[in-house]
Amino acid sequence: MRLLSLSIALTVGVASASHAQDHSRQISGQLTYLPRIALPPDAEVSIVAEGAFDAEFDFKSFNTEGQQVPLSFSLEVPRDLSGTVSAVIRVKDQPWWLVEDVGFAAGAEPVDLGTMRLESYTPLSFASRLDCGGTEVLFGIVDDHAVLRVHGQDYRMVEAIAASGARYVNERDDSTEFWSKGKSAMVTVAGDALPECTQVDESAEPYRASGNEPGWNVAIRETQVDLVADYGSLTRTAPRPDVQVARGTYVLDMREIDVSLTLEERLCRDDATGMPHPHSATLQLEDRSLHGCGGDPASLLTGVAWQIKEVASEEAIDGATLTVEFDADRRVSGSTGCNRFMGGYDLTGEGLSLGQIGTTMMMCRDELMMQERGVLDALEQVRRFDIDDTGELLLIGGPDDSTVLKAHRP
């Protein structure tokens, strides 16, 4: 959730999801920021917990009345649904401090998010938003000056000579650099180069759910829901309804077309291809109940730097850090325990495949080099993926269609 939608939601409110007390759990934590700047007595704190489809689980707002950070909070959310928490501190209706999209997993037990660190907020004009291997970078204008915003810090930039594209360096230290070339850019912060950056596509893709025998699919768009069923012979469209939230489920009820879609936050595998999806879907179409899967399979891969624990059934060498990370722009990167690797990947209804993988060229001790060769060989063989009952990622391929890499969340 970006600041604009957060500001609207926290200013005018959005439709809240109702949930019975015995079907809810507590999400708690503390808000803080690092600079030693006191909040004025009229500062206002707003906190929201959200799930899929922008469903608001809970929202709280309070005046600090002179209290300073850390500021404790507690929210009630439905059990068995994952979501995110965002917060903003305003002074005289202007956002001063902000934190967005701190995730919590589905479950029934209370969750303590610990200390959530807010960053100072200054609006950027004409800002471009980029994804640099999972790090969000903004480049825009503040008070007629070019500004690079990364890791919650702003760097004033000045234009520099470049053979191609547009190149800017920090006005005080040219080891911080922004070099734009078309829709991609290279960003270096204090000499530390980030992975290649690509411009984020802000257009929202529809949420899709589908099933087989008989074939059906539903597309949930910004303002409407489109249904195609019975292998295309039946089509219906309805205005997008407010989502109803129950324990572990979202329900979209479209009575005007005699359709209801229930989505349970539970791993679902397509019965034709085996592709895993984040939701199990039930379409109530008149007097028929049709079953299938919902959500983007890529959401099961992205947003985390998976820690590789096994390579071709062999455990990773103790002390070696092996990772694999998939981003929303179809790029894959990570560490072999010796060198960094990077490349592209393709995820279709049939499976997962990785393109040509490049690596850095540092030499390591022999056992790490052998392990690196195993990781790179495994990546070349990947043909599909799965998530097991413990939440571990399985990359599957090779002549035996077996697990070639196994990884877990950090």
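Two strands count as paired if DSSP finds at least two bridges between them. Strands (E, at least two residues) are DSSP runs, numbered from the N terminus. The structure is a predicted model, in which local features need pLDDT of at least 70 and side-chain atom pairs count only at pLDDT 80 or more, while totals for chains, interfaces and linings use all residues. Residues are numbered from 1 along each chain as its sequence is written, and side-chain values use heavy atoms, with hydrogens and water left out.

Under this pairing rule, nine strands form an open sheet in the order β21-β20-β19-β18-β28-β27-β24-β23-β22, and their pairing is antiparallel. At the edges stand β21 (234–239) and β22 (244–246); each has a single partner strand, so one side of each is left without a neighbour in the sheet. From one strand to the next the twist averages 20°, with axes taken as lines fitted to C-alpha atoms and angles running from 0 to 180 degrees between N-to-C directions.

Within this sheet, strand β27 (residues 279–285) and strand β28 (residues 288–294) run antiparallel and are joined by seven bridges. Leu 285 belongs to β27, and its bridge partner in β28 is Arg 288. Leu 285 has a relative accessible area of 0% and is therefore buried, where buried means under 20% relative accessible area, exposed over 50% and partly exposed in between (1.4 Å probe, protein chains only). Apart from residues up to four places away in sequence, Leu 285 touches Leu 227, Ala 229, Leu 234, Arg 236, Asp 258, Val 259 and Leu 290; contact here means heavy atoms within 4.5 Å. Ser 260 lies 25 residues from Leu 285 in sequence, and their C-alpha atoms are 6.8 Å apart in space.

Strand β29 (residues 305–311) runs antiparallel to β31 and is joined to it by three bridges; Ala 305 stands opposite Glu 325 in β31. β31 also pairs with strand β32 (residues 331–336), again in the antiparallel sense, over five bridges. Here Thr 323 stands opposite Ser 335 in β32. β31 and β32 form a hairpin with four residues between them, and in the turn Arg 330 has a positive phi of about 65°.

On a 1 Å grid over the protein atoms alone, a cavity is a set of points where a 1.4 Å probe fits but cannot get out, and a pocket is an open set with protein on both sides within 12 Å along at least five of seven lines; lining residues have an atom within 4 Å of a point. Grid points are joined across faces, edges and corners, and a volume is the space filled by probe spheres set on the points.

β32 returns in the second largest pocket: β32 and β33 (340–348) each supply at least two residues of its lining, and β33 gives the most, with four. The volume of this pocket is about 260 Å³. Its lining has 14 residues, of which Pro 195, Glu 196, Val 332, Ser 333 and Met 342 lie nearest the centre.

There is one cavity of 30 Å³ or more, and the largest cavity holds about 50 Å³ of space. Its lining consists of Thr 273, Gly 274, Met 275, Pro 276, Gly 349, Glu 350, Gly 351, Arg 384 and Phe 385.
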